[in-house]
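Here are my notes on the structure for your review. Please read them beside the model.

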Amino acid sequence: MTDRTSPRISSRKQPKQARSTELVATILEAAVQVLAKEGAQRFTTARVAERAGVSVGSLYQYFPNKAAILFRLQSDEWRQTTEMLGAILGDAARPPPERLRSLVQAFIRSECDEAAVRVALDDAAPLYRDAPEAWEARAEGDRVFEAFMREALPKASDATRDLVGDLITTTMSTAGKQFSEWPRTAPEIEAYADAMADMFCAYLRSLQHG
């Protein structure tokens with residue numbers, strides 16, 4: 001059987017001049033619009049170039065294929081999520097339960113605000129999810145959460161902290177995605193996030209007292 005290699009998903013080159021940086025930003029903004037309107041299945045470099053008002057050749061100077069564009073959008077989302085994780089969970093002046101509640105609230109709001117693009121990116125994940133760049137992009141977020149779990153459950157074993165962290169992140173991600181599939185009002189989002197945070201915080205308390 002012939003080995004299948006992952007498609008190249010790294011950008012072809014990084015913009016160095018202001019004009020090039022602006023062009024890449026225009027392409028990525030067009031990609032978001034195409035993705036939100038057409039979905040992952042109808043997402044093509046030609047549609048992105050047309051929406052951006054540039055030639056396909058100009059697009060290919062920075063992105064070798066549609067997987068590279070989608071991965072850039074996804075990696076930007078991972079970076080923003082990691083920055084949010086670090087800012088909220090790394091605030092040592094606040095007790096861990098309070099930080100966890102703030103994280104859940106911010107995450108659910110973000111899921112609802114960007115639902116269309118997130119769903120489409122999830123549909124496109126098979127194009128890049130097994131590539132080395134994808135694992136590297138997710139690793140930093142994992143490290144931030146692991147550090148928080150050591151602080152939240154200092155007496156627990158590594159295995160327990162890993163289990164708890166995985167349960168929280170998986171539940172938050174899966175439930176947040178399902179919740180955001182329908183338009184939600186601000187009060188609905190707040191109530192849902194608070195209920196989820198209550199559940200997580202009660203779980204942490206039970207482990208701390210146990």
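1. D76 pairs with R72 in a salt bridge, with the closest N and O atoms 3.2 Å apart. A salt bridge here is a side-chain nitrogen of Lys or Arg within 4 Å of a carboxyl oxygen of Asp or Glu. D76 and R72 are 4 residues apart in helix α4, so about one helical turn separates them. R72 is partly exposed because its relative accessibility is 23%. Partly exposed lies between buried (under 20% relative accessible area) and exposed (over 50%), using a 1.4 Å probe and protein chains only.

2. A note on the basis. This is a predicted model, where local features need pLDDT of at least 70 and side-chain atom pairs count only at pLDDT 80 or more, while totals for chains, interfaces and linings use all residues. Residues are numbered from 1 along each chain as its sequence is written, and side-chain values use heavy atoms, with hydrogens and water left out.

3. D158 and R161 form another salt bridge, at 2.6 Å between the closest N and O atoms. They sit 3 residues apart in helix α8, so about one helical turn separates them. D158 is exposed, at 52% relative accessibility. R161 is buried, at 12%. Shared partners also link R72, D76, R79 and E83 into one salt-bridge network. The whole structure has 10 salt bridges.

4. The largest pocket has a volume of about 1200 Å³. A pocket is an open set of points on a 1 Å grid over the protein atoms alone, where a 1.4 Å probe fits, with protein on both sides within 12 Å along at least five of seven lines; lining residues have an atom within 4 Å of a point. The volume is the space filled by probe spheres set on the points, which are joined across faces, edges and corners. The lining has 35 residues, and W78, F107, R138, T169 and S173 lie nearest the centre. Helix α8 gives the most, with 10 residues. Helices are DSSP runs (H or I, at least four residues), numbered from the N terminus.

5. The second largest pocket has a volume of about 190 Å³. D76 and R79 are among its lining residues. Helix α4 gives the most to this lining, with 5 residues.

6. UniProt, in an unreviewed entry, places "domain: HTH tetR-type" at residues 21-81. Such annotations may be inferred rather than shown by experiment; positions follow the numbering used here, and feature names are shortened. Over residues 21-81 the chain is 77% helix and 0% strand.

Note on methods: Helices (H or I, at least four residues) and strands (E, at least two) are DSSP runs, numbered from the N terminus.
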